[in-house]
Amino acid sequence: MHIDWAALGSVFGVSLVATVGLVGLFTLGIVGLSKRESAPAGGGSAALAVTGAYACFAACAAAVAYGIYLIVA
């Protein structure tokens, strides 16, 4: 049995980067939604933060859908 360590390392690296990227993107979405609650107290508008949060969540959903597409196809 032969293990291709270079391929295994490549898969590990791409998986790690994708996981950290998706978690970071989701975190930015949560932070954006939390700004919605604190913006009126500061006298500001939260429209940009909420729009950015929804964009982050949409990008996360698109990445998950693409991953499911790759598995099913």
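The following legends describe an overall view and several close-up views of one predicted protein model.

The model is predicted, so that local features require a pLDDT of at least 70 and side-chain atom pairs a pLDDT of 80 or more, while totals for chains, interfaces and linings use all residues. Residues are numbered from 1 along each chain as its sequence is written, and side-chain values use heavy atoms, with hydrogens and water left out.

**Figure 1. Overall form of the protein.** The protein contains two helices and zero strands; helices (H or I, at least four residues) and strands (E, at least two) are DSSP runs, numbered from the N terminus. Along the principal axes, the C-alpha atoms fill a box of roughly 65 × 25 × 10 Å. The radius of gyration is 18 Å, whereas a compact globule of 73 residues would have one near 11 Å. This radius is taken over C-alpha atoms, and the globule rule is 2.2 Å times the number of residues to the power 0.38. Of the 73 residues, 11% are buried. Buried means under 20% relative accessible area, exposed means over 50%, and partly exposed lies in between (1.4 Å probe, protein chains only). The protein exposes about 5500 Å², of which carbon and sulfur atoms supply 75%; accessible areas come from the Shrake-Rupley method with a 1.4 Å probe, and for residues only the protein chains shown count as cover.

**Figure 2. The aromatic pair of Phe26 and Phe57.** Rings of Phe, Tyr and Trp (its six-membered ring) pair if their centres lie within 6.5 Å; planes under 30 degrees apart count as stacked, over 60 as edge-to-face and the rest as tilted. By this rule there are two aromatic pairs. One of them joins Phe26 and Phe57, a tilted pair with 5.1 Å from centre to centre and 55° between the planes. Because Phe26 lies in helix H1 (residues 5-42) and Phe57 in helix H2 (residues 47-72), the pair ties together parts that are 31 residues apart in sequence. Phe26 is partly exposed, at 41% relative accessible area, and Phe57 is also partly exposed, at 22%.

Figure 3. Ala59 belongs to helix H2 and is partly exposed, with a relative accessible area of 33%. Lys35 belongs to helix H1 and is partly exposed at 44% relative accessibility. Between the C-alpha atoms of Lys35 and Ala47, 12 residues apart along the chain, the separation is 9.5 Å.

**Figure 4. The cysteines Cys56 and Cys60.** The whole structure has zero disulfides, a disulfide being a pair of cysteine sulfur atoms within 2.5 Å. For Cys56, the nearest cysteine sulfur is that of Cys60, 6.9 Å away. Cys60 likewise is in no disulfide. Cys56 is buried at 13% relative accessible area, and Cys60 is buried at 9%.

**Figure 5. A nonpolar surface patch.** Leu22, Val64, Ile68, Ile71 and Val72 make a nonpolar patch of about 500 Å². Patches are made of residues with over 30% relative accessible area and no salt bridge; like charges are joined within 9 Å, and nonpolar side chains (Val, Leu, Ile, Met, Phe, Trp, Tyr) within 5 Å. A salt bridge is a side-chain nitrogen of Lys or Arg within 4 Å of a carboxyl oxygen of Asp or Glu. Helix H2 gives the most to the patch, with four residues. Val72 lies in helix H2 and is exposed, with a relative accessible area of 67%.
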